[in-house]
Amino acid sequence: MQLFYAPDFVPPCHTLGEEESRHCVRVLRLSEGDEVHLTDGRGTLYRCRIVGADPRRCSVEAVETLPDFEPLPYRLVMGVAPTKNADRFEWFLEKATEVGVSAIVPLETDHSERRVFRPQRGEKVITAAIKQSLKAFRPELMPLAPLRKVIEGPFEGRKFIAHCAEPRSQAGKRYLPAALRPGEAALVLIGPEGDFSAGEIDAALACGFEEITLGSQRLRTETAALTAVVMASVVNGIKNEPCHPEEQSDGESSST
């Protein structure tokens, strides 16, 4: 299945942008009558037929609409401090999208290594990841937000903060897979390499967050964040399987 992202698609007809058209016609060598799929990123998958194989303005026509295509059976919001090396945070965005996440909030914390976040590149990484992993739901990438604004804001679900310090609450730190319950909404906060400050942890606990651990290994920020995403996926029984080479949207094979 070849998947293209078209957030402004209004059935039945659509013209792909120049970059997508070139990829479709020149790279994938698709022609009139061939089948492709489009998604609006909001859960609708469209099975389409190419009606005009122009490498600059490839036009398609929807032949089937599949609403609410393979939604996550849970809501997971990840609040993560961007890494000093932007590539590492982009790696997290890509892999979290592949595994399954609802939204990602870049956090500005007391010990942040990066206090300026430009979302344009991150948005492109997420778009490429949904196409590669054949997803109809596109995670939302939020603007950089101060940690205290996030912890004091509303959230309908469980709220967790992962940190490396000693437990600061009477309940102590729970292993995330043991704390999560299938089907529930969860907000998980992951700090920078210098971890959250004691004041930030206390503020989160005062706002109803639960202390968690991701295990005994010392993890970098992006690794810890992806570990939490994978743990939520496993708790909810999601089976993530590698695609076969012919199913890859960019024609490349994947490895496990």
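Colleague: What covers the buried residues of α7?

Modeller: Bearing in mind that this is a predicted model, the cover over the buried residues of α7 includes β6, α2, β11 (174–175), α5 and β12. The helix itself has 15 residues and reaches 21 Å from its first C-alpha to its last, which is close to the 21 Å expected at 1.5 Å a residue. Most of α7 is covered, since 11 of its 15 residues are buried, and among them are Thr221, Glu222, Ala224, Ala225, Leu226 and Ala228, with Val229, Met231, Ala232, Ser233 and Val235 also buried. In soluble globular proteins, nonpolar side chains tend to be buried together.

The largest nonpolar core has 33 residues, of which Leu76, Met78, Phe92 and Ile190 touch the most other members. At least two residues of this core come from each of β6 (76–80), α2 (86–99), α3 (119–132), β10 (158–162), α5 (176–179), β12 (186–190) and α7 (221–235), and α7 gives the most, with 8 residues. A second, separate core of 19 residues includes Val77, Leu187, Phe196 and Ala203.

Finally, α7 is followed by Gly237, whose phi is positive, near 70 degrees.

Methods
Residues are numbered from 1 along each chain as its sequence is written. This is a predicted model: local features need pLDDT of at least 70, side-chain atom pairs count only at pLDDT 80 or more; totals for chains, interfaces and linings use all residues. Side-chain values use heavy atoms; hydrogens and water are left out. A nonpolar core is a set of buried Ala, Val, Leu, Ile, Met, Phe, Trp, Tyr and Cys residues joined through side-chain atoms within 4.5 Å. Buried means under 20% relative accessible area, exposed over 50%, partly exposed in between (1.4 Å probe, protein chains only). Helices (H or I, at least four residues) and strands (E, at least two) are DSSP runs, numbered from the N terminus. The expected span of a helix is 1.5 Å times one less than its number of residues. Contact means heavy atoms within 4.5 Å.
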